[in-house]
Amino acid sequence: MMLLSSIPSPEHSTVALGPVTIHFYGLMLLLAIAAAMGLMGVRYVRRGGNWDLVFQVAVWGVLAGVVGARLYHDATSWNEVAQIHHWWAPFAVWKGGLGIYGGVLFGVGAGAIVVRRAGESISKMLDIVAPALLLAQAVGRWGNWWNQELFGKPTNLPWGLHIDPANRPAGYERFSTFQPTFLYESLLALVGVGLLILLERRFRFRAPALFALYVAYYALVRFFMELLRIDPAHHFLGLRLNAWISIVVFVCAWAFFVWWQLIRPPASPASELPDEPGPSRPTKKRRPKAPKKKEPSVKVKGPRMSVPKGRVRPGR
């Protein structure tokens, strides 16, 4: 049995089925969406919800998430967009370039609007969807493997990722194997899914504390991935732009978790605690209360008492 000295990269990132060309990057995104919907749906239904709202949140969340992810990439990597000499360059999702921070921001925002219009709790839904978002990121990162992009520094480790010469950045042409940052991030995201579910079972969080933990966890992972990556990026004070953004996101998310979970007194304890998993219980119908019978007033027969004039004492 021959052991691999490196992780091979795919020779092709597309496949032609007649007139239709399928991009494996897009296919991985579809698998990521399906995985997130499945986990979110199971978690929501166990708490008494229904699949209809899951589908509505997924549809609008995905549409807004793709728009937000592309806008984030265009805003933070405008030099890469300028290299695509076509008018549709800002919209070229199939060539890669989706920023997770922008996708989560826009997707969660759209989903929150749907949840609010349905009359459900946004905070509790955020905690339900947190592990599902990490699962989607774990699956979606494999799209970078198909495109041979977003890898790390050169390495001689046995699990180094082989990159074709055409996809090696300038200055790294003589290296053949690089750090597989997509694999690191995918595995750490899967660990995060299990960790969030385990913490949710062991502790009682005030919603949306679990979502804050998800944001902090991913920001920490992303920070270390940015230290390894060598793809073109804007730098500030020696760090990549996304590394600084990850620091800010981590600090904000962790500060919110500490304040919300440990410091802030709950305004309504019942509304902030998570729903217990299990089948939904039918609500008991209250019987309408019978109207109280009015007792007839007793009329006293006889002349009314009157005070003669001149006998009223002045108020003291």
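Modeller: Gladly, and let us begin with burial: a residue is buried under 20% relative accessible area, exposed over 50%, and partly exposed in between, using a 1.4 Å probe and protein chains only. Serine 6 has a relative accessible area of 17%, so serine 6 is buried. The model is predicted: local features need pLDDT of at least 70, side-chain atom pairs count only at pLDDT 80 or more, and totals for chains, interfaces and linings use all residues. Numbering runs from 1 along each chain as its sequence is written, and side-chain values use heavy atoms, with hydrogens and water left out.

Colleague: Where does serine 6 lie, and what is serine 6 in contact with?

Modeller: Serine 6 lies in the segment before E1. Contact means heavy atoms within 4.5 Å. Leaving aside neighbours within four places in sequence, serine 6 is in contact with Pro158, Gly160, His162 and Thr177.

Colleague: What makes something a helix or a strand here?

Modeller: Both are DSSP runs, numbered from the N terminus: helices are H or I with at least four residues, and strands are E with at least two. The chain comes to 10 helices and 6 strands. Of its 316 residues, 41% count as buried.

Colleague: How do you know that strand E1 and strand E2 pair?

Modeller: Two strands pair if DSSP finds at least two bridges between them. Strand E1 (residues 14–17) and strand E2 (residues 20–23) are joined by 4 bridges and run antiparallel, so they pair. In E2, isoleucine 22 is the bridge partner of valine 15, and histidine 23 is that of threonine 14. E1 and E2 form a hairpin with 2 residues between them, and glycine 18 in the turn has a positive phi of about 70°.

Colleague: Which residues other than glycine have a positive phi?

Modeller: Leucine 237 is one of them, with phi near 55°. Leucine 237 sits in the loop between strand E5 (235–236) and strand E6 (239–240). Leucine 150 also has a positive phi, of about 60°, although it is not a glycine; its place is the loop between helix H6 (142–147) and strand E3 (161–162).

Colleague: Why is leucine 150 called partly exposed, and what is leucine 237 called?

Modeller: Leucine 150 has 22% relative accessibility, which falls between the two cut-offs, so leucine 150 counts as partly exposed. Leucine 237 has 69%, over the 50% cut-off, and therefore counts as exposed.

Colleague: What makes the crossing of H1 and H2 what it is, left-handed or right-handed?

Modeller: A crossing is left-handed if the near helix is turned anticlockwise from the far one by less than a right angle, and right-handed if clockwise. The crossing of H1 and H2 is right-handed. Helix H1 (residues 24–46) and helix H2 (residues 51–76) pack at an angle of about 145°, with their axes 10 Å apart. Axes are lines fitted to C-alpha atoms, for helices over the stretch in contact, and angles run from 0 to 180 degrees between N-to-C directions.

Colleague: Which residues meet in that contact?

Modeller: Among them are Ile33, Met37 and Met40 in H1, and Trp51, Leu53 and Phe55 in H2.

Colleague: What is called a nonpolar core?

Modeller: A nonpolar core is a set of buried Ala, Val, Leu, Ile, Met, Phe, Trp, Tyr and Cys residues joined through side-chain atoms within 4.5 Å. The largest has 46 residues, of which Met40, Met125, Leu134, Leu196, Phe211 and Tyr214 touch the most other members. H8 gives the largest share of this core, 13 residues. A second, separate core of 8 residues includes Trp145, Phe178, Phe182 and Ile230.

Colleague: Why does aspartate 127 count as buried?

Modeller: Its relative accessibility is 7%, under the 20% cut-off, so aspartate 127 counts as buried. Aspartate 127 is in helix H5, and it touches residues including Arg43, Arg206, Pro208 and Phe211. The C-alpha atoms of aspartate 127 and arginine 206 are separated by 9.2 Å, with the two residues 79 apart along the chain.

Colleague: Which peptide bond is cis?

Modeller: The bond from alanine 207 to proline 208 is cis, with omega near 5°. Proline 208 is found in the loop between helix H7 (181–202) and helix H8 (209–228).
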